[in-house]
Amino acid sequence: MLHHVEINVTDLNKANVFWGWFLSELKYEVYQKWDTGISWKFKKTYIVFVQTEERFLQAGYHRSQVGLNHLAFYADSRQHVDQMTEKLRERQIPILYQDRHPFAGGADHYAVFFEGPDRMKVELVAPD
């Protein structure tokens with residue numbers, strides 16, 4: 001079981017809006033909160049978002065460089081993926097691989113791929 005993941009973000013306020021909405025939809029709850037960070041917890045696993053210090057912002061993030069490529073979360077069902085896809089579109093959150101959606105991960109992989117505020121790829125995948 002994964003204990004936690006900590007992600008440095010360029011703008012904690014933007015991250016809170018995006019991740020707060022998304023993680024709440026997946027039944028995560030605020031776990032910890034302080035001036036430069038926040039964590040969201042579901043069962044025993046939590047995700048932490050921390051404001052990157054000014055001196056480190058210049059380097060930026062890109063998922064194709066060495067490091068984290070994307071985070072994938074389970075949806076409850078294919079219908080949940082579809083509902084979340086509509087909510088993402090309503091929020092004008094960029095959906096990736098639209099030409100292959102919802103099977104961008106393969107014929108047996110029902111999911112939506114999208115980008116967070118720092119262009120980190122996020123995936124919501126239906127259970128088998």
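**Ground rules.** I am working with a predicted model, where local features need pLDDT of at least 70, side-chain atom pairs count only at pLDDT 80 or more, and totals for chains, interfaces and linings use all residues. Residues are numbered from 1 along each chain as its sequence is written, and side-chain values use heavy atoms, with hydrogens and water left out.

**Helix α2.** I took helices (H or I, at least four residues) and strands (E, at least two) as DSSP runs, numbered from the N terminus. I checked the length of α2 (residues 78-90): its 13 residues should span 18 Å at 1.5 Å a residue, counting one less than the number of residues. The end C-alpha atoms are 19 Å apart, which agrees.

I then looked up burial (buried is under 20% relative accessible area, exposed over 50%, partly exposed in between; 1.4 Å probe, protein chains only). H80, V81, M84, T85 and L88 are the buried residues of α2. They fall within an arc of 140° seen down the axis, so they line one face of the helix; the arc uses directions from the helix axis to the C-beta atoms. Q79 and E90, on the other side, are exposed.

Just after α2, I found Q92 with a positive phi of about 55°.

**Cores.** A nonpolar core here is a set of buried Ala, Val, Leu, Ile, Met, Phe, Trp, Tyr and Cys residues joined through side-chain atoms within 4.5 Å. The largest has 30 residues, and W19, F22, L23, F49, F73, F114 and L124 have the most contacts inside it. I noted that α1 gives the most to this core, with 7 residues.
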